[in-house]
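Subject: Structure handover

Hello,

Here is the structure for you to look at. My notes on it follow below.

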Amino acid sequence: MINSDFLDQLSQIASIIEAEPLSRHTTFGIGGPADVYIKTQKSKQLQEVIRLARHYSQPTFILGSGSNILVSDLGIRGLVIENQNKEIVDLLLKNVSPFSSDFLQFAINLNSEKLNKDEWIAKKT
């Protein structure tokens, strides 16, 4: 069950939809509901949504464009964020080649939560 305080705070950042069919957001047109679905446009929104999800210990899945993914008819429990933020990709591509060891280190650091995107980019610029 999703915490109502979490939902209230989340809805102040961007519009949320409960029980949103993910079939509407995948190129194959399949997928059951997300418990909570939110679309972010800016990096600040994405950061705030992730911070809230962590604070409330909510399972979180970040969805890109919806291609290259198959979602079960059971859907995804917790929060699904459709990230429409192009700022992160633009900043990353300006600062590092995706074929470099820096890119691999970037991915490793983000995955292990040693650095957030802003901290990493600040070190590189």
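Start with one side-chain pair. Glu-48 and Arg-51 meet in a salt bridge, at 2.5 Å from N to O. The term salt bridge is used here for a side-chain nitrogen of Lys or Arg within 4 Å of a carboxyl oxygen of Asp or Glu. Both residues sit in helix H2, three residues apart, which is about one turn of the helix. Glu-48 is partly exposed, at a relative accessible area of 28%. Arg-51 is also partly exposed, at 43%. The cut-offs: buried is under 20% relative accessible area, exposed is over 50%, and partly exposed is in between (1.4 Å probe, protein chains only).

Two points on the source. This is a predicted model, so local features need pLDDT of at least 70 and side-chain atom pairs count only at pLDDT 80 or more, while totals for chains, interfaces and linings use all residues. Residues are numbered from 1 along each chain as its sequence is written, and side-chain values use heavy atoms, with hydrogens and water left out.

Other salt bridges

How many salt bridges does the rule give? The count is three. Asp-35 pairs with Arg-77, with the closest N and O atoms 3.0 Å apart. Asp-35 is in strand E2 and Arg-77 in strand E4, so this pair ties together parts that are 42 residues apart in sequence. Asp-35 is partly exposed at 25% relative accessibility. Arg-77 is partly exposed too, at 43%.

Arg-24 forms a salt bridge with Glu-20, and here the closest N and O atoms are 3.3 Å apart. Glu-20 is buried, at 5%.

Overall layout

The chain has five helices and four strands. Helices (H or I, at least four residues) and strands (E, at least two) are DSSP runs, numbered from the N terminus. Their order from the N terminus is α-β-β-α-β-β-α-α-α.

The four strands form an open sheet, in the order E1-E2-E4-E3, with mixed pairing. Strands E1 (16-21) and E3 (60-63) stand at the edges with a single partner strand each, so one side of each has no neighbour in the sheet. From one strand to the next, the twist averages 35 degrees. Two strands count as paired if DSSP finds at least two bridges between them. E3 and strand E4 (residues 76-83) run parallel and are joined by four bridges. Ile-62 stands opposite Ile-81 in E4.

Two helices lie across the sheet strands. Helix H1 (residues 4-11) lies across E1, strand E2 (33-40) and E4, at about 110 degrees to E1. Helix H2 (residues 43-55) lies across E2, E3 and E4, at about 165 degrees to E4. Axes are lines fitted to C-alpha atoms, for helices over the stretch in contact, and angles run from 0 to 180 degrees between N-to-C directions.

Two more residues

Thr-26 is found in the loop between E1 and E2. Thr-26 is buried, with a relative accessible area of 10%. What does Thr-26 contact, leaving aside its neighbours within four places in sequence? The partners are Gly-66, Ile-69 and Val-71. A contact means heavy atoms within 4.5 Å.

Ser-11 lies in helix H1. Ser-11 is partly exposed, at 39% relative accessibility.

Whole-chain numbers

Buried residues make up 37% of the 125 residues in the chain. Of the contacts with a separation of 6 or more, 59% are between residues 24 or more positions apart. The chain exposes about 7700 Å², and carbon and sulfur atoms supply 53% of that. Accessible areas come from the Shrake-Rupley method with a 1.4 Å probe.

Confidence

Mean pLDDT (the predictor's confidence in each residue, from 0 to 100) is 81 for the chain, and 69% of the residues reach 70 or more. Where is confidence lowest, and where is it highest? It is lowest in helix H5 (residues 117-124), at a mean of 56, and highest in E1, at 98. Where pLDDT is low, the predicted coordinates should not be read in detail.

Best wishes
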